[in-house]
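Trainee: Can you walk me through this model? I'd like to start with the overall layout and then look at details.

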Amino acid sequence: MCPDSSEIKGLKRKDLLGILELEREEIELILSTAVSFKEILERPIKVVPYLRGKTVAFLFFEPSTRTLNSFSLAARRLSCDSVSVSASSSSVLKGETLLDTAKNLEAMKLNFVVVRHSSPGASHILAKNLTSSVVNAGDGCREHPTQALLDLLTIKEHFGKFDELKVVIVGDIEHSRVARSNIWGMTKLGMDVSICGPPTLIPRDIDKMGVRVYYNLKEAIKGKDIIYVLRIQKERQAAGLFPSTREYIKLYSITEEVLEKYAKKKVVIMHPGPVNRGVELAPSVADGMRSLILPQVTNGVAVRMACFYLLPGGTGEGRGMGQL
Ligand code: CP
């Protein structure tokens, strides 16, 4: 079923900047709306006119495969026009600031700005200065809210619940916006969240986020329903934050052998992508029966459709055209 706009009230905010500030009810509203949109994505013609006449600008100043294309497809499925700006092909190269770039695009009559940037808080600056709804598509090490939302949808689909589920997030927690957004979202929804990684990649005050900390992978994965594996950001190795890739693989790589020995039989594996095959995750696990990696990607389109649909889109008009 398509969402019925007479029933759905939308989000309480202009922008989607992080999971930290979302209330549990808002997360649940996005997820239930995304479930309705998944039905549209199964149709032969996957397009509905809810956002006809509206426009989104994609401002991606860091590389992206999944997030950019999934936002782009989400907009197209909702009949929303789009324009795209990247650092390498825009006037940013001539010294224009992010805010000036966004304001100039908004002068062309936008409804949404989706931004990915290496600076934490970049989306907040745009949100304060634009009337368009701003969506954070990843800001430095801070948050990646739509990634967490698509992860939560994938978990709900697989397990049918959140309460009492035990998850361990493994890898570079310190530099991971995905970890932060997921910790906020999972704990808000009643999941039991642990983290595991080398001490140099665990933030000092992480226990304040309500998680259990492990440094030993074998202990960490015992009894968990979900192992959420993070990409090892190779650029951190140069900073001396872990001794070598070979040692990381020995201590923290998720392999068939580790799973057979220490994990629950029904454990599932999640990863936000891109995967470093053979580093944080063995190829056979990434492609195996336990992996939810591609369902996560599929759910990204529906979740991002739900976000566009539920945000006011700069005009204060709210959503589109009701049930078709
Ligand atoms: N998960 C994620 O953000 O992937 P991309 O960097 O490819 O967008």
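Predicted model: local features only at pLDDT ≥ 70, side-chain atom pairs only at ≥ 80, totals over all residues.

Trainee: What is the mean pLDDT of the chain?

Mentor: The mean is 92, and 92% of the residues reach 70 or more; pLDDT is the predictor's confidence in each residue, from 0 to 100. Over residues 315–324 the pLDDT is below 50, and this stretch has 24 contacts in the model beyond near neighbours in sequence. Contact means heavy atoms within 4.5 Å.

Trainee: How many residues are in the largest nonpolar core?

Mentor: It has 66 residues, and those with the most contacts inside it are F37, V114, L149, I169, M186, M191 and F308. A nonpolar core here is a set of buried Ala, Val, Leu, Ile, Met, Phe, Trp, Tyr and Cys residues joined through side-chain atoms within 4.5 Å. Buried means under 20% relative accessible area, exposed over 50%, and partly exposed in between (1.4 Å probe, protein chains only).

Trainee: Which helix gives the most to this core?

Mentor: Helix α11 (residues 293–310), with nine residues. Helices (H or I, at least four residues) and strands (E, at least two) are DSSP runs, numbered from the N terminus. The core draws at least three residues from each of domain 1 and domain 2. Apart from it lies another core, of 26 residues, among them V170, L217, F242 and A286.

Trainee: And what does V114 touch?

Mentor: Not counting residues up to four places away in sequence, V114 touches V56, A57, F58, L59, F60, F71, V135, A137 and F308.

Trainee: Switching to α4. Which of its residues are buried?

Mentor: In helix α4 (residues 122–129) they are A122, S123, L126 and A127. Seen down the axis of α4, they fall within an arc of 135°, so they line one face of the helix; the arc is that of the directions from the helix axis to the C-beta atoms. Their cover includes β1 (55–60), α3 (98–106), β3 (112–117) and β4 (133–139).

Trainee: Where does H144 lie?

Mentor: In the loop between β4 and α5. H144 counts as buried, at 3% relative accessibility. Leaving aside neighbours within four places in sequence, H144 is in contact with T67, R116, A137, G138, R177, V178, S181 and R304.

Trainee: What is phi of E164, and is E164 buried or exposed?

Mentor: Phi of E164 is near 75°, a positive value in a residue other than glycine. E164 is exposed, with a relative accessible area of 65%, and sits in the loop between α5 (145–159) and β5 (166–170).

Conventions. Residues numbered from 1 in each chain as written. Heavy atoms only, no water. Domains from an automatic or database assignment.
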